[in-house]
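Hello,

I am passing on the structure we talked about, and below it you will find my notes on what turned up. Please have a look whenever you have a moment.

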Amino acid sequence: MAACSAVPNVANNVNDCASRNNKQQQQQQQQQLMDLNGKSNNGGAPSPSQLAKAAAWQQRLLGKQLCRCAKPGLKSSTLELVVNQSEVLGLYFSFVDPAASCDDFTRHLAQLYEALNAGLNVKKKLEVVHVLLWSGAAAQEVLDVEASFREHVSDLPWLAVACDDYERKTRLTRRYRIKAGVPTLVLLDNATGQVITRGGVERALADPQAAGFPWRPAHPKQALEDGPLLPCAGRDSNEPMLHEELRHCYKAVYFSAHWCPPCKAFTPQLVETYQRIRERGHDFEVIFVSSDRSEESYKTYTETMPWLRIPFEQEDRRQRLARALDVQAIPTLVILDPRDNIITLEGRTELLEDPEGLNFPWTSRLVNILTEKYATSLHDAPAIILFVEGDDCEIQFGESVLLPAAELYRRERPDYDPNFDDPDDQLQFYIALDCETSDILREFVGLEDAVPLLTAVDIPRGLYAVMEDGAEIGVESVQQFVDSYRAGKLQTHKITAVHKQSGGGGDQQQQLPDKSQE
């Protein structure tokens with residue numbers, strides 16, 4: 001799948017905003033925390049447990065400091081988003097690019113912001129955090145990034161991620177899968193951090209008076225239950241089903257159309273993965289929701305599909321499902337759990353990166369199969385990686401020996417939430433199969449071609465370690481390896497690609513190749 005990257009193409013010197021906190025700012029933050037949670041038990045400064053409890057998702061996601069757009073040089077504590085909490089937090093990604101249509105929507109959003117918050121002195125309806133990026137020609141032509149940043153945000157009434165916090169911007173664009181050059185408004189529930197909609201731009205333009213703000217979608221179960229689910233022509237059974245009969249199934253709701261070239265390319269891939277997942281014993285069903293323009297096209301398209309479908313004539317039902325699942329474009333594959341709660345809106349991406357469905361149903365797990373998606377995350381955090389052959393029994397073996405160590409590690413970090421926290425220094429656990437992704441990683445790190453092979457790979461620090469030759473890999477030996485790695489007792493080696501000397505004699509860090517960009 002061709003993927004657009006919204007990572008800002010600017011200098012690589014990443015400055016951590018948190019490092020700029022002085023003692024006075026820390027004292028102010030502690031006071032804000034005390035105001036938020038009440039006085040501490042001893043009547044003085046909050047205890048470490050209170051501080052941890054009050055470190056709300058806003059700070060964990062956005063860092064400790066933001067900028068005020070009206071005064072870009074003035075830093076503001078992210079804790080103000082906790083203390084002066086709005087109902088909704090909007091993450092607004094816009095681009096400095098002559099080809100992007102961001103400026104018009106920025107003006108529209110500013111008017112919406114003022115209208116929603118008019119007359120509200122305490123709790124706003126909407127707060128916005130602006131993530132300004134550079135793409136296209138602007139990424140190459142802008143000479144003074146700071147001046148460009150000030151020019152684009154100085155008249156705006158909200159907050160922004162600091163101009164030089166490149167690492168934060170990169171992680172946010174990855175987390176919310178932002179497409180380069182496309183203005184995107186992600187609306188989050190400010191109490192929980194849960195996504196309300198990723199289609200804030202489309203919703204705001206369709207509802208300029210914001211009568212339906214914040215455009216919370218209905219639960220998909222209502223539309224799924226509203227009538228029978230018919231079999232597609234390629235299905236073994238000709239019997240229709242009711243939604244109630246799928247109550248034990250994971251479900252993928254597939255929005256697609258015969259006239260759409262990317263859809264027609266993706267559908268055969270979905271058929272293959274669908275069959276592999278079911279052959280592996282998972283209760284899994286796909287429900288097709290058509291965007292076809294005629295019933296004839298719809299019938300032609302479903303001839304080879306082996307799953308269920310929403311009847312073409314039930315247009316209202318199809319539209320309600322699209323709204324409930326925040327569908328912005330096709331093809332879209334939304335994965336639901338047996339209770340019809342959303343697991344991921346990015347099922348298509350998950351499937352393309354994991355065509356065997358080895359990480360199905362693509363929920364947050366302690367031990368994952370190393371796919372392209374997770375290989376990218378190796379640049380952010382260290383990992384324990386067990387290289388094995390690719391058959392099912394080897395995967396089961398890998399999970400059985402890694403999972404106890406991963407569970408113990410996570411129990412020691414009960415406050416860590418992968419939905420909001422940066423992965424820095426959080427140890428990840430992966431099973432690497434005999435595939436191209438593993439081959440690329442082996443070559444990048446400098447690992448021998450052997451299985452099973454237990455390794456600790458720390459690309460951020462440019463180091464790796466390997467379990468000694470001849471040692472039997474089991475639950476106890478894996479735990480000992482992890483403990484030794486964390487204690488700094490393992491013999492480590494330099495990752496050649498990271499420590500490769502440039503012509504000028506300095507270290508020049510390289511990145512794992514990203515096949516999606518080739």
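This is a predicted model: local features need pLDDT of at least 70, side-chain atom pairs count only at pLDDT 80 or more; totals for chains, interfaces and linings use all residues.

**Salt bridges across the chain**

Glu356 and Arg276 form a salt bridge, with their closest N and O atoms 3.7 Å apart. Glu356 sits in the loop between helix 14 (347-353) and strand 14 (367-369), while Arg276 belongs to helix 11 (residues 261-279), so this pair ties together parts that are 80 residues apart in sequence. Glu356 counts as partly exposed because its relative accessibility is 35%, and Arg276 is also partly exposed, at 27%.

In the whole structure, the search finds 22 salt bridges. Another one of them pairs Arg235 with Glu285, where the closest N and O atoms are 3.0 Å apart. This pair, too, links distant parts of the chain: Arg235 is in the loop between strand 8 (230-231) and strand 9 (250-256), and Glu285 is in strand 10 (residues 284-290), 50 residues apart. Are these two partners buried or exposed? Arg235 has a relative accessible area of 14%, which falls under the 20% cut-off, so this arginine is buried. Glu285 is buried as well, with a relative accessible area of 3%.

The side chains of Arg247 and Glu244 meet in a salt bridge too, at 3.4 Å from N to O. Here Arg247 is partly exposed, with 44% relative accessibility, and Glu244 counts as partly exposed at 47%.

Helix 17 covers residues 436-445 and is mostly covered, as seven of its 10 residues are buried. Which residues of helix 17 are the buried ones? They are Thr437, Ser438, Ile440, Leu441, Arg442, Phe444 and Val445. After helix 17 comes Gly446, which has a positive phi, near 100 degrees.

There is also a patch of negative charge on the surface, where Glu389, Asp391, Asp392, Asp434, Asp439 and Glu443 gather. Asp434, one of the patch members, is found in the loop between strand 16 (428-432) and helix 17. Asp434 counts as exposed because its relative accessibility is 55%, and the cut-off for exposed is over 50%.

**Two polar contacts to look at**

Gln58 is a residue of helix 3 (residues 57-62). At 0% relative accessibility, Gln58 counts as buried. The side chain of Gln58 is joined to that of Asn190 by a polar contact of 2.7 Å.

Asp144 is placed in the loop between helix 6 (137-141) and helix 7 (145-153). A polar atom of the Asp144 side chain lies 3.0 Å from the backbone nitrogen of Ala147.

Best wishes

Note on methods
Residues are numbered from 1 along each chain as its sequence is written. Side-chain values use heavy atoms; hydrogens and water are left out. Buried means under 20% relative accessible area, exposed over 50%, partly exposed in between (1.4 Å probe, protein chains only). Helices (H or I, at least four residues) and strands (E, at least two) are DSSP runs, numbered from the N terminus. Patches are made of residues with over 30% relative accessible area and no salt bridge: like charges are joined within 9 Å, nonpolar side chains (Val, Leu, Ile, Met, Phe, Trp, Tyr) within 5 Å. Accessible areas come from the Shrake-Rupley method with a 1.4 Å probe; for residues, only the protein chains shown count as cover. A salt bridge is a side-chain nitrogen of Lys or Arg within 4 Å of a carboxyl oxygen of Asp or Glu. Lys and Arg count as positive and Asp and Glu as negative; His and the chain ends are not counted. The place of a charge is taken as NZ of Lys, CZ of Arg, CG of Asp or CD of Glu. A polar contact is a pair of N or O atoms within 3.5 Å; within protein, one must be able to donate a hydrogen and the other to accept it, and residues adjacent in sequence count only if both atoms are side-chain atoms.
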